[in-house]
Amino acid sequence: MMELTANLALGFAQALSLTNIFYCFVGVFVGTLVGVLPGIGSLAAISMLLPVTFYLNPGTALVMLAGVYYGAEYGGSIASILLNLPGTTSSAVVCLDGHPMAKRGKAGVALFITAIGSFVGAMLGIVVLLILTPRLVDVALSFGPADYFAIMLLGLVAAATISSGSPMKGIAMVLFGLVIGCVGTDIDTGQPRFTFGLPGLVDGISIVVLAMGMFGVSEIIASILRPKEQELQSRITVREMIPTYGEMRQALLPILRGTAVGSFFGALPGTGHTIASFMSYALEKKVARDSSRFGHGAIEGIAAPESANNAACQTAFIPTLALGIPGSATMALMLGALMIHGITPGPRLVTDHPEVFWGLIASFFVGNILLLLLNIPLIGIWVRVLRIPYNLLYPAVIALVCIGVYSINNNPFDIGLLAFFGLLGYVLRLGGFSPAPALVGFVLGPMVEEYLRRALLLAQGDATVFLTRPISATVLFMAVALIVWASWSHSKQRRRSAEATA
Amino acid sequence: MCAEDLGARRHFLGKPSFWAKSMRNMRDIIGGGLLLASGMIGLFIAAGYDLGTPRRMGAGAYPLLVSGALTMVSLVVVSRAVLRPAEGALSFAVRPALAILGSLMAFAIVMPFFGLIPAAAISVVVASLGQRHANPIHIALLALGVSLACWLVFVVGLKLPLAALRSPL
């Protein structure tokens, strides 16, 4: 404990230096801006700012990049709430309840709750990071590939139950995401799969294209001719922005649960904050007394995923810094930034460069406070974006999405893919198939395959390994239970609404 | 998500019209049908890859598995949709869809040849055609404003490697 305080003192001394605060602010600010832009997420933002960090000392560089990271996550949810267009892929789940809230005139409240949820999630995530780092590492190491596979499967099933439609449709969409995830080159054998001879598909489909297409473009197509509810508010007062006491109380437990879910998934290498936010949403829906509210503006539906998202962002640093294993592409970039400065992450990082490690941890506190201070006043401005007539807004958004997608590979083919998924997403939406589970399936797909392969390899081809390993068996059982539960509650809901209309 | 608030016109002249009844299934059928088609295409293609053994899965094993699962589940969805009518009517927004897709295509064509500013402007113009009452002056101003703003943000601000203006030669 004494040691912890001493370390934190060292860290704060680092983090509270003027240089670090300044660069933290720059990172958070740029991150939020970039996060709002659809199609450009934290990954792109960090890679763009990486060269800037060459001239800074390693601690400062990491502080700034980390600020961009969680700033972008927050910016992403701004776009999700206001435009139903995820600014970053992990904020896609916030569209589900955030945008309905905005349509009901509660955009300010939604933005406020996401800010608070993000803040609390990040703070508690940092605490988890501090306390549990050694223990989490042990737990993560005891997970074998079969166990990871089972967890992925649970994630997929949870994703299927997110949408308010029938679970069958959700499962179908998850599977669709899995199939789309196969497009590209197989890592193990180098064989191109599902590429139809198109060179643009050989590297697989970018998640940005899929997310922007199935969420963004399809949403815009659906919205253009939709009659708009006119809000006759001349000015949004501060009071309207702040949630009522009842709403805050509603959001409290979801925030805590979201933090727990996020901390877990963030620390687990391979699963990222996207999965964390989706799983947290699914959990909230299961735990809620009246799950039919979800999809129509339930506060839990934005508070929990945001907390999970940010908690996962923080705890993602655990395997990255402590084991040297980046949990995601963004973490890999962070690792790269460190190595450029001659610091090798891993178990030696904490002992060899304590000021970097603890300075970073302390900067998380500072950065999140800055994020909160920066964004609360801006909520009023963001809400005004909603008042722009949609007919002026959507062409601008289309242009932004195009540029964002094009900037990935400078390849017009990606825009073609965007159009394809946009149309597909629109038709599927009309049929009541929600795109969110497909996104999860797409993200998890390659990992599912990898773990399946490894598990079977280690088990010499024996498929019962999934049932004989205790962790794997428990998790699989939970997945099955989840499907059964979801189908049962869905058919109960159908019966209830059929009786109501009869 | 938002499909439910596309109003349902179940009755035409007081009686459930034949169109309305069969169109009630249509959304599910078309959506499920697309997924089913994807699954079957996947099955067909994946079967051609090396499947390997359970111990050493080949390139085709996993795609085969997931395509097969997709086929089965979408079959269930489609058959349910045929047997049990769903709610709501089919209203496909043709004009917006064409406008948006056209806008994306325009961008994809113009960008490599002419650069960012013309591409953004054209995509704004084509996308705006999806509205019911399109005011040409508003569209022109919007196109100008958006393309300049995009240039400022992406090329000047973020320093992305995109050509702002380029000659096609």
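**Figure 1. A nonpolar patch on the surface of chain A in the predicted model.** The patch is formed by A:Leu124, A:Val127, A:Ile131, A:Leu252, A:Leu253 and A:Leu256. Together these residues have about 490 Å² of accessible area. Two elements of chain A each give two or more residues to the patch: α6, spanning 107-142, and α11, spanning 245-267.

**Figure 2. A:Ile131, one of the residues of the nonpolar patch.** A:Ile131 lies in helix α6 of chain A. Its relative accessible area is 46%. Because this value falls between the 20% limit for buried residues and the 50% limit for exposed ones, A:Ile131 counts as partly exposed.

**Figure 3. B:Ser67 and the residues it touches in chains A and B.** B:Ser67 belongs to helix α2 of chain B, which covers residues 61-83. With a relative accessible area of 0%, B:Ser67 is buried. Leaving aside residues up to four places away in sequence, B:Ser67 touches A:Val179 and A:Phe194 from chain A, and B:Gly39, B:Gly42 and B:Leu43 from chain B.

**Figure 4. Chain A, the setting of the nonpolar patch.** Chain A has 502 residues, and 62% of them count as buried. Its secondary structure comprises 22 helices and two strands. For contacts in chain A between residues at least 6 apart in sequence, 78% link residues at least 24 apart. The accessible surface of chain A is about 18400 Å², and carbon and sulfur atoms account for 69% of that surface.

Methods: Residues numbered from 1 in each chain as written. Chains lettered and ligands numbered in written order. Predicted model: local features only at pLDDT ≥ 70, side-chain atom pairs only at ≥ 80, totals over all residues. Heavy atoms only, no water. Helix = DSSP H or I, 4+ residues; strand = E, 2+ residues; numbered from the N terminus. Buried < 20%, exposed > 50% of the residue type's maximum accessible area, 1.4 Å probe, protein only. Contact = heavy atoms within 4.5 Å. Areas by Shrake-Rupley, 256 points an atom, 1.4 Å probe, with all protein chains shown as cover. Patch = residues over 30% accessible without salt bridge, like charges linked within 9 Å, V, L, I, M, F, W, Y side chains within 5 Å. Salt bridge = Lys/Arg side-chain N within 4 Å of Asp/Glu carboxyl O.
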